[in-house]
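Dear colleague,

I am passing on the structure below, and after it you will find my notes on what came out of the analysis. Please read them with the structure open beside you.

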Amino acid sequence: MKYMLLINAGELDPQNAPVGCEPEDWMRFDKEITDAGVVVASESLADLVTATRVQVANDGKRTVTDGPFAETREVLGGFYVIDVPDLDVALDWAAKCPGSRGGGSVVVRPVAEF
Amino acid sequence: MDQVEAVFREERGRLLAALARRFGDLDLAEEVTSEAIEAALTRWPVDGVPPNPGGWLMTTARRKAVDRLRRDQVYAAKLAILQVEADRPAPQAVGDELPDERLQLFFTCAHPALAPEDRGALTLRCLAGLTTPEVARAFLVPTATMAKRIVRAKQKIREARIPFRVPGPDELPERLPGVLQVIYSVFTEGYAASSGPYLQRLDLAEEAIRLARILHRLLPDEREVAGLLALMLLVHARRDARSGPAGEIVLLEDQDRSRWDQDAIAEGRSLVVAALTGGPAGPYAVQAAIAALHDEAADFASTDWAQIVQLYDVLLDLDPSPVIALNRAAAIALRDGPQTGLDLLDELAGEPRLRDYHPFALARADLLHRLDRLPEATAAYRRALELAGSEPERAHVRDRLTELEQTEAHGDRV
């Protein structure tokens, strides 16, 4: 069963890097989860200042705006899609992910199957 | 008929647990469990009870499940686990008994990924065998609301694939407290109804004890399970003395101790011993020990307050919560006098969890009353009255207020 791990950064330092986990922590985690053979896809997102929002109104008019900027404390910073037998296994990976520390969180969403 | 169904109540939980594990779906398991029991109720009186009733029920239910899945391929496709089931041999009953897989179901129903308020409901529904209207009555919500909650919880189990498994030995210390918490919350809900006209809802307390007994049989070496069962038995032993004929609260100090259930006390005490032996005690074992000391005292005055305070010290170390600090302060007031207790309560007054907590307001009012600080006591009782959740709680505070007014009017103390 596929689950998406949505990694929400917690507190950011002045350089916009998550507080409490070092790049080495991420590299170690990424190697561990990749070696386990469960990763379907994973990406880390570029800084939020590069984000652009697109909305299309009912009349078909397109609106493009800069942002969104962080209105809430937590910002989506990246994701993994993993294929594991059940929720407990997915939760274990989420708990190992450095993004779950330092005030951050990982939201685990099952991928819908049609 | 009811009698026969009562016999099946225990069997229902076992059957449901085994089927939920095979098929990974509670809805299907519930449906075919009910159908198999219905079939037994029709067939057994005619054909006689089969030599292996548990095995008969299991085979019947499993066959009905496979039929249902053959008829409904869309549903079957949703339950990917069926592919596994199709390749597996039918579960073998050992002797007359089904293999007991209820432990898995306990952990699933109390899974931290489910909403806290749904865990107790699901546990009562699946493991205590209560119907949805019964569960709704137990939690004082409309049946439709409860049905929605149960459906939502079952949907999450199925679609997020919360597994039916017992956590491994390394995970158990983290997961078992969650299961115990669910059972204890069912008990406390029954013991002191959080709202509504009645102080106690005994059936709910008894269901919690029944669930703890099952869990204790499944995990005989887990001392906190024994501790929880002991705690509930030792508290529940006082049920008949806890309220008066009109449903009013009778305080521990005023209870007729001859009405305490000595069998429950004896059973609770022997469980406490087991729960406290063989390693550091857990919080339920310590609370059970406190309850045992109350139950052992011939009267309120001869209660061993010194030892109770010591146990609260241990408990506060294990679980530094303001509610435990409040109970400890109340015990210290009985050991060292009301002023010492009041000083401790005033230190706790800033705790957010106690600010709107009825027992805190009431404890403070009682101590002020005992210290003869009557205007302050009156104000404190009024605050307690605002915070009381059930009608008997309100009535109790009103009685206290009336008593105070009379004392003030007569200028003397009773």
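Chain B has 22 helices and 0 strands, where helices (H or I, at least four residues) and strands (E, at least two) are DSSP runs numbered from the N terminus. This is a predicted model, in which local features need pLDDT of at least 70 and side-chain atom pairs count only at pLDDT 80 or more, while totals for chains, interfaces and linings use all residues. Residues are numbered from 1 along each chain as its sequence is written, and chains are lettered from A and ligands numbered from 1 in the order in which they are written.

On confidence, the predictor gives the complex an ipTM of 0.84 and a pTM of 0.83. Chain B averages a pLDDT of 87, with 89% of its residues scoring at least 70; pLDDT is the predictor's confidence in each residue, from 0 to 100. Please treat one stretch with care: over residues 82-91 of chain B the pLDDT stays under 50, and the model has 11 contacts beyond four places in sequence for them. Two residues are in contact if their C-beta atoms, placed from the backbone, lie within 7 Å.

Of the 414 residues in chain B, 40% are buried, that is, they have 20 or more other C-beta atoms within 10 Å of their own, whereas 12 or fewer counts as exposed and anything in between as partly exposed, with C-beta atoms placed from the backbone. B:Arg382, which lies in helix 21 (residues 374-387) of chain B, is partly exposed because 13 other C-beta atoms lie within 10 Å.

Helix 7 (residues 116-126) of chain B is worth a look for its packing. Its axis and that of helix 10 (residues 172-191) of chain B come within 9 Å and cross at roughly 85°, so the two helices are roughly perpendicular to each other. Axes here are lines fitted to C-alpha atoms, for helices over the stretch in contact, and angles run from 0 to 180 degrees between N-to-C directions; angles under 35 degrees count as roughly parallel, over 145 as roughly antiparallel, 65 to 115 as roughly perpendicular and the rest as oblique. The contact is made by B:Arg119, B:Gly120, B:Thr123 and B:Leu124 of helix 7 of chain B together with B:Val182, B:Ser185 and B:Val186 of helix 10 of chain B. The axes of helix 7 of chain B and helix 9 (residues 143-159) of chain B come within 10 Å and cross at roughly 90°, which means that this pair is roughly perpendicular. Among the residues making that contact are B:Asp118 and B:Leu122 of helix 7 of chain B and B:Met146 and B:Ile150 of helix 9 of chain B.

In chain A, 4 strands form an open sheet in the order 2-5-1-6 with antiparallel pairing, two strands being paired if DSSP finds at least two bridges between them. Strand 2 and strand 6 (105-110) of chain A stand at the edges with a single partner strand each, so one side of each has no neighbour in the sheet. Strand 1 (residues 2-9) of chain A is joined to strand 5 (residues 75-83) of chain A by 8 bridges, and A:Asn8 has A:Leu76 as its bridge partner in strand 5 of chain A.

Between the chains, 6 residues of chain B are in contact with 5 residues of chain A.
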